[in-house]
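I set down here what I looked up in this structure, entry by entry.

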Amino acid sequence: MGALVAVCGPAGVGKTALVTEWLRGLAAEGELPGGVLFADLSRRSGVGDVLGRWLRELGGSVPDALSERMARWRAITAGRGLAVFIDAAQRGGEVRALLPGAGCLTVVTSRRVLPELAEDAEVYRLGWLTDRAVADWLRRALAPGSTAGLAALAVACRGLPLVAGLVAGVLEGRPQWSASDLAGELLPPCGTSDVGEERVAVPPRETMRLALDVAYRALAQQDAGAAACYRRLGDLPRGVLDAGLISAVTGADAELAGGYLDLLHDRGLVDAVGEDLFTVGESVHRHAGEVSRAVDGEGTRSGAVRRYLEGVGAGLERLGGDPAGEVEWLAPRWETLVGAVHAVHAGAAAGLDALVVRLAAGLWPGWRLFAPWAAMTSCQRMALDAARRLGDAAAELAAHQALAVGLHGLGGGDAALAALSATAGLAGRHGARAARAQALHDLGRIHGERGETGEAREVLNEALELRLGLGDERGAALTRIELALAVLGPGGEPAEEQAVQAGRWLQEAREVLLAHGDSFGAARALAVLGEATAHSAAPMAGLQLLRQAGEEFARLRCPDWQGRCLLRAAALAQHLGRAEEARRLFLRARQFTPGLPAGDTPACLARLGTPAS
């Protein structure tokens with residue numbers, strides 16, 4: 001574990017802003033070469049989902065089991081020099097599960113000191129600012145002619161940095177407002193609060209609400225479009241926003257929408273979390289929703305949600321199957337997108353079923369990249385219900401199939417097999433041959449993983465026949481890879497003629513996948529071909545193919561598959577008596593494969609097994 005810093009204090013005292021500014025400074029000075037990763041635990045993000053998102057942002061794969069994710073996370077981050085910012089933590093156990101490897105910095109914010117971290121962390125406790133400190137800060141932040149009455153305004157801020165930032169933004173945007181008048185706006189009707197103990201008793205949430213009321217009124221006077229944009233923030237799920245999504249929601253063009261976000265940022269109402277990416281704090285989100293309900297009709301608000309979801313769908317469709325683009329676009333927005341699907345379902349507004357189906361399908365790259373299986377199964381169940389209400393058989397089949405993949409990811413092998421069997425039957429009744437072929441392909445893959453090679457080969461042969469009949473060259477190639485794996489068997493020793501037959505399938509599959517631009521599938525075919533070649537009395541050729549496959553996976557940023565190839569190549573080199581090469585390959589594999597046994601390399605490889613000669 002690297003350095004651990006805990007920043008504690010009441011709501012509104014400025015913990016998040018302080019840590020954000022500190023980390024930004026460290027990054028600017030080159031102290032964080034690995035960058036900064038962020039998680040807001042106030043959004044009920046599960047530890048497993050956070051780890052999955054972070055692993056993908058770093059180009060890693062996402063194991064199913066939480067313990068494996070934690071191990072891979074610590075292995076992949078060790079020595080990277082990155083910072084992890086965990087905001088709004090409530091339990092120390094969650095934080096410990098998210099700690100990166102050695103050589104990294106972890107910063108945690110919480111409202112109280114978390115006892116599970118107290119011994120290991122460098123703890124900083126933040127309290128209210130003094131009136132003098134607030135006044136000094138406002139004096140530095142504002143233009144020289146705007147400082148009259150700052151003493152009264154500082155008292156009205158109740159020592160809350162966030163409130164001070166809001167009122168500074170108001171005075172900057174509305175210079176005709178005086179600090180004294182603004183102080184009167186912030187004082188509650190029952191009277192004033194002075195320094196000392198009495199001020200602590202004033203609820204910070206009420207002070208924050210009064211400041212947001214003032215900030216919104218100033219914004220509405222300055223720019224009606226930006227004020228409408230602010231209200232829309234309360235209608236949408238909390239998460240990361242950009243000009244494209246705001247454009248979709250407000251109807252403004254992207255340049256004007258970007259201007260709205262910049263103005264809201266200047267006024268302290270949204271936080272920048274990346275280049276042209278913004279997020280909304282809990283207090284602002286709650287206040288914007290209250291203002292929206294008071295000002296706008298239900299039609300306006302539900303229309304905003306619909307347009308937001310349509311904007312999300314358009315963003316997903318623009319990805320065009322580009323894996324690198326999918327990671328870059330989805331990573332910061334992932335929790336927002338999953339929340340959007342849940343918001344649609346909870347709204348139960350007429351006509352949104354088609355959007356639920358569209359989004360659940362469009363989020364498929366995210367399911368594949370981030371592997372949040374619990375969220376996937378939940379969303380696909382929603383899509384299944386929506387497809388049934390729409391009477392859309394194709395969408396129902398797609399949701400059935402994706403649900404089975406999610407169930408399998410959760411470790412529910414029997415449930416996944418049952419769901420896939422039901423999908424194959426449904427597809428057969430509807431004459432959907434392509435959907436039936438996909439369901440049979442997935443059935444065969446799961447049977448193969450479970451070592452049920454007879455069942456795997458039976459359903460995979462039917463899937464292959466269907467795909468060849470449909471002219472689906474790429475699908476047939478992928479099924480041939482699974483057939484080859486079933487023939488080779490998990491850890492088994494196939495006859496040489498079976499290995500030769502599997503090799504022919506794999507060579508053909510690789511050629512087809514390369515022709516179709518499926519680089520990942522082609523690399524996977526090459527890796528399995530290396531295994532088959534080693535089993536067919538050509539172990540040196542098999543070793544070369546495994547090393548080549550590892551290089552291809554490295555270029556594709558798939559470290560888990562790179563590690564698998566290196567590990568199998570190490571085992572094969574050990575079997576061939578090439579001890580030094582085996583050692584080098586094994587040590588490289590350990591960089592990508594957490595959980596490998598420690599100790600003497602030959603003994604480790606012997607326990608892992610080697611291909612038969």
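**Entry 1: the Arg209 pair**

I began with Arg209, which is partly exposed because its relative accessible area is 31%. For this term I took buried as under 20% relative accessible area, exposed as over 50%, and partly exposed as in between (1.4 Å probe, protein chains only). I note that the model is predicted: local features need pLDDT of at least 70, side-chain atom pairs count only at pLDDT 80 or more, and totals for chains, interfaces and linings use all residues. Residues are numbered from 1 along each chain as its sequence is written, and side-chain values use heavy atoms, with hydrogens and water left out.

I then looked up the partner of Arg209: its side chain meets that of Asp213 in a salt bridge, at 2.8 Å from N to O. A salt bridge here is a side-chain nitrogen of Lys or Arg within 4 Å of a carboxyl oxygen of Asp or Glu. Both residues lie in helix H10 (residues 204–222), four residues apart, about one turn of the helix. Helices (H or I, at least four residues) and strands (E, at least two) are DSSP runs, numbered from the N terminus. Asp213 is partly exposed, with a relative accessible area of 22%.

**Entry 2: other salt bridges**

How many salt bridges does the rule give? I recorded a count of 28.

One of the pairs I examined is Glu452 with Arg450, whose closest N and O atoms are 3.2 Å apart. Glu452 counts as partly exposed at 22% relative accessibility, and Arg450 is partly exposed at 39%.

I next checked Asp518 and Arg474, whose side chains form a salt bridge at 3.0 Å, N to O. This pair links distant parts of the chain, 44 residues apart: Asp518 is in the loop between helix H26 (496–515) and helix H27 (519–535), and Arg474 is in helix H25 (residues 473–488). Asp518 counts as buried because its relative accessibility is 13%, whereas Arg474 is partly exposed, at 37%.

I also noted a network, in which salt bridges that share partners join Arg231, Arg232, Asp235, Asp296 and Arg301.

**Entry 3: helix H5**

Which residues of helix H5 (residues 131–141) are buried? I found Asp131, Val134, Ala135 and Leu138. Seen down the axis of H5, these buried residues fall within an arc of 95°, so they line one face of the helix. The arc is that of the directions from the helix axis to the C-beta atoms. On the other side of H5, I noted Arg132 and Arg140 as exposed.

**Entry 4: positive phi**

I looked for positive phi in residues other than glycine and noted Ala88, with phi near 60°. Ala88 is in the loop between strand S3 (83–87) and helix H4 (92–98) and is partly exposed, at 26% relative accessible area.

Arg158 also has a positive phi, of about 60°, although it is not a glycine. Its place is in the loop between helix H6 (150–156) and helix H7 (161–173). Buried or exposed? I recorded Arg158 as buried, with a relative accessible area of 5%.

**Entry 5: Glu275**

Finally, I looked up Glu275, which lies in the loop between strand S7 (271–274) and strand S8 (277–279). Glu275 counts as exposed because its relative accessibility is 72%.
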